Every structure is written in C-alpha cells, then in structure tokens.
Amino acid sequence: MAKTKSVFVCQNCGTESPKWIGKCNSCSQWNTFVEEVVVKSPKGKTAQTFFETESVKPELIKDVPLSELSRIYTSNTELDRVLGGGMVPGSLILVGGEPGIGKSTLVLQMALKIQSKKVLYVSGEESPQQIKLRADRIHKDAQNCLVVSETSMEKVLGHVKNVNPDLLVIDSIQTLSSDTIESLPGSVSQIRECTGLILRVAKETNTPVILIGHINKEGNIAGPKVLEHMVDVVLQFEGDRNHMYRILRSIKNRFGSTAEIGIFEMLGDGLREVANPSELLLSHHQDKLSGISIAAAIEGMRPFLIEVQALVSTAAYGTPQRSSTGFDLRRLNMLLAVLEKRAGFKLAVKDVFLNIAGGIKVNDPSIDLAVVSAILSSNIDLSISPKICVAGEVGLSGEIRPITRIDQRIGEASKLGFDQIIVPRLTKGLDLSKYDIEVIEVSKLEEAFKLLFA
Ligand code: TYD
Ligand code: MG
C-alpha cells in the first residue's frame, strides 16, 4: 500500500525538511519552503539485494567493448559544435535561458531542419497553431516534425510510445506535471519526478531528448541542482535582448568539451548561424574615432576580434559614474585604479562608460589591454589606428601578463588584415613567419601606450 506523506521542499536548492522553516540551512535563501505531497512506495528490499547475485558483472576497463557512438547531427553547425559533434543517442540535453531569448526558436528550427529523423515536439507553452505560425516564419517547407501540446507527463509518455520518435523535444520541463505527485508544475518534486521519467525513456529507448528549461532571477536554471546532475548536457542560451547576437554556451557536457560556444544572430526568420564572428563584431569605421580599441579575444575555442568602446567625460556630479556593458564592472574599477596609479591619470573626476560592441559578454581576461587603451584614447581624445589590435591581461602593477593561445589570436588578426598586434612578451618562441602581421611584444602598460599613441 502506498503511503502519502508531505514534506517541505526548498524551491531553490531542493533541500527537504519535515516542517516549514523560514531560512534554508543549505542555500541560506529566505521563504523558499513549500509543502509538497510525496507518495512513498513500500520499502524496497535493501539488505536482500546485497546477497542476490547480479546479472551484470564488473569487468576490466580494458575489456569494455567500445561501440563507436553514432552521433545524430542536428544540421546546425553551431549547435553540433557546442554539443561536441552532434547528439549522442539516449542523451538528455538541457537548454536554459531567459524568457524570450530564443530557446524555442533554436530548438524548433533544428527540429524542422533535421532530415530523415522523426521528431516529436511536445510543448506545454504553445498550441500547435502557435508552433505552426512560428515554423512558417522559420522554415517554410520542412514539415516532418510532429507537434503536440501537452502538460501531463503520463500523456507525454503515451505519445512517445505511440510515435516512437528519433528525437524528443520537451518545451519546457517546468510545464510538465506527473499525476503521482500532488504539487504544482515547476515545483522541485515535479521537475525531479518528470526528469527522472524522461531519463528512463531516453536510456531505455536510446532516444536523445532535448529539454528546455527556464532560469530563475539569479540566472541559474530553475529547479533543483539535481536536474543539472541528471542530464548529460547543459547548454545556456544567452545574449542581450536588445541586440541580435546570441551565444550558446556549454556548461556541462558528458560527451564533449565545455569550451565550445555557438554564435547566432536573431533575424526575422529565425536564428542564423554566425560562422565568422569577427566580421560582425567589428564596425569598420573609415574615420578615426577616439575611444575605440580592438581586442583579439578568445571565447570558447574560437578567436575573434571585438571592438571595445569607451567614453570618458568630466564628472557632472560629486561621485563619478562607472558603467559597463559586456564587461565586469569590478574588473573595470580595478583597471581604472591601475591606470590612476601607474599612468597618473586623474580618473577620479571622470565618468567612464564602457561598451563591448554587439552586446556580447566577454569573459576572456585578455581584453584588459583593449579596455585600458580605449579608456585612455577617449581621455586624451586621440584615436588608435584601426590597423592595430591588442591582446593582454593587465596586472595590478601595470604589467602585461601572458595570455593563452596567442598564436590563434595572431592568426585571426592576420587573417582579418590587421597590420600590427600588441601582445604580452612571449615566453616561448613562436614561428611568426607564417603570419602576415607585425607582432609587437610589450611587458608594461607604458610601452603599449607609447606604441598606440606615439
Ligand atoms: P522564443 O524562442 O519564443 O524564446 P524563448 O522560448 O526563449 O522564450 O523567442 C522569442 C523572441 O524571438 C521573440 O521576442 C521574437 C524573436 N523572434 C525573432 O526575432 N525572429 C523569429 O523568426 C522568431 C521565431 C522569433
Ligand atoms: Mg519558449
């Protein structure tokens, strides 16, 4: 006989408590506990299983047969790249991102384009008519995808059984609910239960499943952390909603590297894959403008050149303003302090605005040098030659620190027709003869400034 029991579950981290508490002991969030009813099945045999002979025996790792994972290509180069070369059969892929960023568009576009595969698209958010309208915008002639609007987990399982798809898409996991659990869709126990069921379907039928997930206000995927542990791949779709560019990052990947990113552009008829990001991220001014510097950055595994723009003006109010888009504000403050101390600029009485072109958020520390040179260029109102790009991390004492994969950056700058690139002093000798660009090594900020503003 199944027994019902109710527990209080933290909606932030999934911690359970027998009674309501105001502050979660585990994640320190306030007012996150919600009562949820769980149906406990009769206790399983625990001690007995120890004595039972298992049919599966441990084997030596060298004897494990290696069946080549036949990956399923999504016919979307950027997505395939982030997945590590297509989807692995039976894998669970979670795609997270802010509302309206384009998760449904990305996945539907892939589902429509993937040929000779039966795709079942389950949406708990849109009706088949709405999906059809979207599909018509994206891809007019591919109609091989099956769509169904459903929020009951049991009915979804029924559809999967009837249709037997090659790929299952769930949009979104937060809208599904199972009858065995008496809590609202989107609650921790529903998400855990539904993901568990989907995981079993995926592993037993060897069908890859794409789950779309919402994110909470902190920017993490909503629901318990166990969700991220259960799935094989976690992808995050991000970007500035006011810009067209979107970046797909891999946060976890059991079958590939997490260093890869995919870049897309949101157009009127869906997402376009951006194969050469540098050409889009540089604005190619003809006239000389101050406050602009070009960085040879690397995001994921790909080098690209990106424009850093700065505006320095006299502070109108007592406290100077610091504002930054696409670059960490704390790091900007640190770089300003370094500029003040090492180069003697009175930036305390200046407002500083910084912008990374294209609305892209760059995490690569090697854009430091471009940030400080753009700020200085705006401050002294002297433009930097559009034929020079820079790469280097700036240390607290004004030294230019070495950066990773320097040859890739030099190669990209050379390919895009730059004449000179300023880099940190190279520790190991590089074969620079194959590049059609002058590589200038510096070890201090002052040296770089002398070269840029001579
Ligand atoms: P959507 O995929 O619904 O976002 P999510 O599922 O992440 O909530 O995308 C919504 C936005 O994308 C919407 O504001 C409009 C825009 N969009 C386009 O610009 N072009 C298109 O072809 C489509 C389908 C959407
Ligand atoms: Mg959506």
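**Figure 1. Lining of the largest cavity in this predicted model.** Nine names make up the list: L79, L83, I93, V95, L106, V107, M110, I210 and L235 line the largest cavity. The largest cavity holds about 50 Å³ of space. Two cavities reach 30 Å³ or more. On a 1 Å grid over the protein atoms alone, a cavity is a set of points where a 1.4 Å probe fits but cannot get out, and lining residues have an atom within 4 Å of a point. Grid points are joined across faces, edges and corners, and a volume is the space filled by probe spheres set on the points.

**Figure 2. Helix α3 beside the largest cavity.** Which element gives the most to the lining of the largest cavity? α3 does, with three residues. Ten of the eleven residues of α3 are buried, so this helix is largely enclosed by the rest of the structure. The buried residues are K103, S104, T105, L106, V107, L108, Q109, M110, A111 and L112. Buried means under 20% relative accessible area, exposed over 50%, and partly exposed in between (1.4 Å probe, protein chains only).

**Figure 3. The second largest pocket.** About 320 Å³ of space lies in this pocket. Of its 16 lining residues, E238, G239, D240, G359 and K361 are the closest to the centre. β9 (233-238) and β10 (245-253) each supply at least two residues of the lining. β9 gives the most, with three residues. A pocket is an open set of points with protein on both sides within 12 Å along at least five of seven lines.

**Figure 4. The whole chain, for context.** The chain has twelve helices and 21 strands. Both are DSSP runs, numbered from the N terminus: helices are H or I with at least four residues, strands are E with at least two. The C-alpha trace spans about 85 × 55 × 55 Å along its principal axes. Of the 454 residues, 47% count as buried.

**Notes.** Residues are numbered from 1 along each chain as its sequence is written, and chains are lettered from A and ligands numbered from 1 in the order in which they are written. In this predicted model, local features need pLDDT of at least 70, side-chain atom pairs count only at pLDDT 80 or more, and totals for chains, interfaces and linings use all residues, while side-chain values use heavy atoms, with hydrogens and water left out.
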